[in-house]
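Me: I am new to this structure. Please show me how to read it, feature by feature.

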Amino acid sequence: MHSLVYRSVASDSFTRPEIYSMLSRAKDYNAEHGITGCLLYHNAYFLQLLEGDEAKVMDLFERISKDERHHQLTLVESNSINERMFKTWSMAFHDYGQNGLSAPLKLEQINTFLNDTKIYHQKSLPVLKFFSNVKDILFSN
């Protein structure tokens, strides 16, 4: 089992309706290929965690890296894992929008969103990197 975390910035031309359309196609693709994960979006920043068979995850990441609807793609972490964190989610998604939510409200939303996963209980480098970047994106941008 493999886990990969990346972040990127949406292109100015990548509209919110297009993002939701892309998400719908991604859910279908991921379900077909045994890939699970989570995608967060806030102030034009994407943060995604993918997990599944290493070859399939790496192939998907290669496809994502060629997508011109975003830029500044950074591979945060790529590592073997023992068990999935998002076992039942072909692609969980949360859009924090472009609003000025307070830090406590953002934390409450992320806790609610991730409560049904194993992410709070697994101690692994991908989880640490994921949360470090969640914090950076939600509170710095």
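Me: What should I know before I start?

Reply: This is a predicted model: local features need pLDDT of at least 70, side-chain atom pairs count only at pLDDT 80 or more, and totals for chains, interfaces and linings use all residues. Residues are numbered from 1 along each chain as its sequence is written, and side-chain values use heavy atoms, with hydrogens and water left out.

Me: Where in the chain is confidence lowest, and where is it highest?

Reply: Start with the score. pLDDT is the predictor's confidence in each residue, from 0 to 100. The chain has a mean pLDDT of 81, and 74% of its residues reach 70 or more. Strand β5 (residues 92-95) has the lowest confidence, with a mean of 55. Helix α2 (residues 54-65) has the highest, at 96. Where pLDDT is low, the predicted coordinates should not be read in detail.

Me: How many helices and strands does the chain have?

Reply: Helices (H or I, at least four residues) and strands (E, at least two) are DSSP runs, numbered from the N terminus. Here there are four helices and five strands. Read from the N terminus, their order is β-α-β-β-α-β-β-α-α.

Me: How do α1 and α2 pack?

Reply: Axes are lines fitted to C-alpha atoms, for helices over the stretch in contact, and angles run from 0 to 180 degrees between N-to-C directions. The axes of α1 and α2 are 11 Å apart, at an angle of about 155°. That makes the two helices, α1 and α2, roughly antiparallel. The cut-offs are these: under 35 degrees is roughly parallel, over 145 roughly antiparallel, 65 to 115 roughly perpendicular, and the rest oblique. The crossing of α1 and α2 is right-handed. A crossing is right-handed if the near helix is turned clockwise from the far one by less than a right angle, and left-handed if anticlockwise.

Me: Which aromatic residues form one cluster?

Reply: Rings of Phe, Tyr and Trp (its six-membered ring) pair if their centres lie within 6.5 Å; planes under 30 degrees apart are stacked, over 60 edge-to-face, and the rest tilted. By this rule there are three aromatic pairs. One of them joins Phe-14 and Phe-46: the ring centres are 6.0 Å apart and the planes lie at 45°, so the pair is tilted. Phe-14 sits in the loop between β1 (2-10) and α1 (16-33), and Phe-46 in strand β3 (residues 45-52), so the pair ties together parts 32 residues apart in sequence. Tyr-41 and Phe-46 have ring centres 4.9 Å apart and planes at 45°, so this pair is tilted. Phe-14, Tyr-41 and Phe-46 form one cluster.

Me: Which residue lies over the face of Tyr-29?

Reply: A charge sits over a ring if NZ of Lys or CZ of Arg is within 6 Å of the ring centre and within 35 degrees of the ring normal. Arg-63 lies over Tyr-29, 4.4 Å from the ring centre.

Me: What is there to see in the loop between β2 and β3?

Reply: Look at phi. Asn-43 has a positive phi of about 50°, yet it is not a glycine. Ala-44, in that loop, has a positive phi near 75°. Asn-43 is partly exposed, at 21%.

Key:
Buried < 20%, exposed > 50% of the residue type's maximum accessible area, 1.4 Å probe, protein only.
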